[in-house]
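Here are some notes on the model, as numbered points. Please read them beside the coordinates.

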Amino acid sequence: MLLSQPLLHAAVFALTVLQALASNTFIAAVYEHAVILPNAAIKPVSPDDALALMNSNMDVLEGAIKEASQQGAHIIVTPEDGIYGWRFTRETIYPYLEDIPDPAVDWIPCTDPTRFAPAPVQERLSCMARNNSIYVVANIGDKKPCNSSDPSCPKDGRYQYNTDVVFDPEGKLVARYHKYNLFIPETQFNYPKEPEAITFETPFGKFGIFTCFDILFHEPAVVLVSKLQVDTVLFPTAWMNVLPFLTAVEFHSAWAMGMGVNFLAANTHHTSISMTGSGIYAPDGARAYYYNMKTEDGRLLVAELDSHPRLSAAFPPAVNWSSYALSVERFPSIDNDFGGLVFHDWFTFTELTKPEGNRTVCQKDLCCHLSYKMAGKREDEVYVLGAFDGLHVVEGQYYLQICTLLKCKSTDLETCGQPVEMAQTKFEMFSLSGTFGTNYVFPEVLYSGVQLAPGEVEVLSDGRLISKTRPTKPVVTVTLFGRWYEKD
């Protein structure tokens, strides 16, 4: 006897849930999407034209979702701006927005598309999830009317939000998140009056979600992990890479390690503005990642993760980030410290003039200690140890404490801190630590060619970031990136 379509879907969904419950792991997917962008427009396009563009992008996303499902993925994350791009003013983005209800309404747009206002994008995303029995995470725009009784109501009578949505394998809307920390160019959007800490339960762990620039702030990012104890963070992003510390794969991998969670980062792909870098990250390192500045190709990544990483035998031990650095005296000074800019922040540097040794450099309350041995010192490459302790004020205001071993762009010390992707110097060993005033420290190691070092480095419980392989691959930077939320 053949099952009816609803019964067949229910059977497939039940099987998916049972499979997830039977295992302490799950299969995650992220898709880096080369977004089809709208033409630059001074006036809003028609709703039909807006939907046509969004359907073109969703055609691509649907192919990725089907492929992920065929590879056994339980959840897939797609990028911020992945359905309509980012070339908008407040007025011109309006035709692309839909009214997204609170998930408490218990709604499956795929089977009940007319229950609320027209929502063809939500309907299609819901059907992608339902037809492929997979959780689908996407980024779209939400609109909410307001009036003069609300003193914060914009002049055009509506709020517009950069919004993440999650549909479960039945196609039900289970999460909606309004981005709180908007990046400077996002003038087309409003931020919610209060930051939202959005979580939802699955058969394979507790999930939280936020968007792109949110990662650099306490709310909602730290709240989700430290207070709400999520197992996995979902992260749609449109990340413009900034070497040497804020390259997408580098920082996102480090954030997962520093916070002790799984992290599913899906980036847009647009090389002309340095947008690339997606990954599936666990607390012990990257499981899969993609960085490509040479072609305009999208990429699907699929990898297995522990459902509850804190319970895993591979979960890293608790770290006291300042323990070692505070217990040792400063290594002898050679009195050749100098200043230099890294992404607009004024660092104090000291040059590594010998092929091996112990060095200390300090700025304000932060002292950074380095023990190292190069596998042969090259005359055409210069490395420095740097420290920054202060307020970053360019695209936002937030306090940082950073210790870094980095390669200079050339042998001219004035180039130290400028973006570098390639290196040739390998290290027999390195050990980096700092007198951090915060426990939120993210360990980064970036090899030549923007390659990560999964399994090749280790953070000791006393706060030292050390190499495990001898020799390493050629090093671009070794960094402890401290985010001092407590001072904000």
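1. Buried here means under 20% relative accessible area. The model is predicted. By that cut-off, helix 3 (residues 120-132) has ten of its 13 residues buried. They are V121, Q122, R124, L125, S126, C127, M128, A129, R130 and N132.

2. The length of helix 3 agrees with expectation, because 13 residues at 1.5 Å a residue should span 18 Å and the end C-alpha atoms are 18 Å apart. Just after the helix, S133 has a positive phi of about 50°.

3. The unreviewed UniProt entry annotates residues 31-307 as "domain: CN hydrolase". In the model this span is 21% helix and 26% strand, and its end C-alpha atoms lie 20 Å apart.

4. Strand 15 (residues 356-363) and strand 16 (residues 366-374) run antiparallel and are joined by eight bridges. Q363 has L366 as its bridge partner in strand 16. Two residues separate the strands of this hairpin, and K364 takes a positive phi near 55°.

5. Five disulfides are found in the whole structure. In sequence order of the bonded cysteines, the pairing is 1-2, 3-4, 5-6, 7-8, 9-10.

6. The disulfide of C368 and C403 has an S to S distance of 2.0 Å. Its torsion is about -80°, so the link is left-handed. Since C368 lies in strand 16 and C403 in strand 18 (residues 398-407), the pair ties together parts 35 residues apart in sequence. Both cysteines are buried.

7. C146 and C153 are bonded with sulfur atoms 2.1 Å apart, and this link is right-handed, with 75° about the S-S bond. The disulfide of C408 and C416 is also right-handed, because its torsion is about 90°.

Terms used
Residues are numbered from 1 along each chain as its sequence is written. This is a predicted model: local features need pLDDT of at least 70, side-chain atom pairs count only at pLDDT 80 or more; totals for chains, interfaces and linings use all residues. Side-chain values use heavy atoms; hydrogens and water are left out. Two strands pair if DSSP finds at least two bridges between them. Helices (H or I, at least four residues) and strands (E, at least two) are DSSP runs, numbered from the N terminus. UniProt positions are given in the numbering used here, feature names are shortened, and annotations may be inferred rather than shown by experiment. The expected span of a helix is 1.5 Å times one less than its number of residues. Buried means under 20% relative accessible area, exposed over 50%, partly exposed in between (1.4 Å probe, protein chains only). A disulfide is a pair of cysteine sulfur atoms within 2.5 Å.
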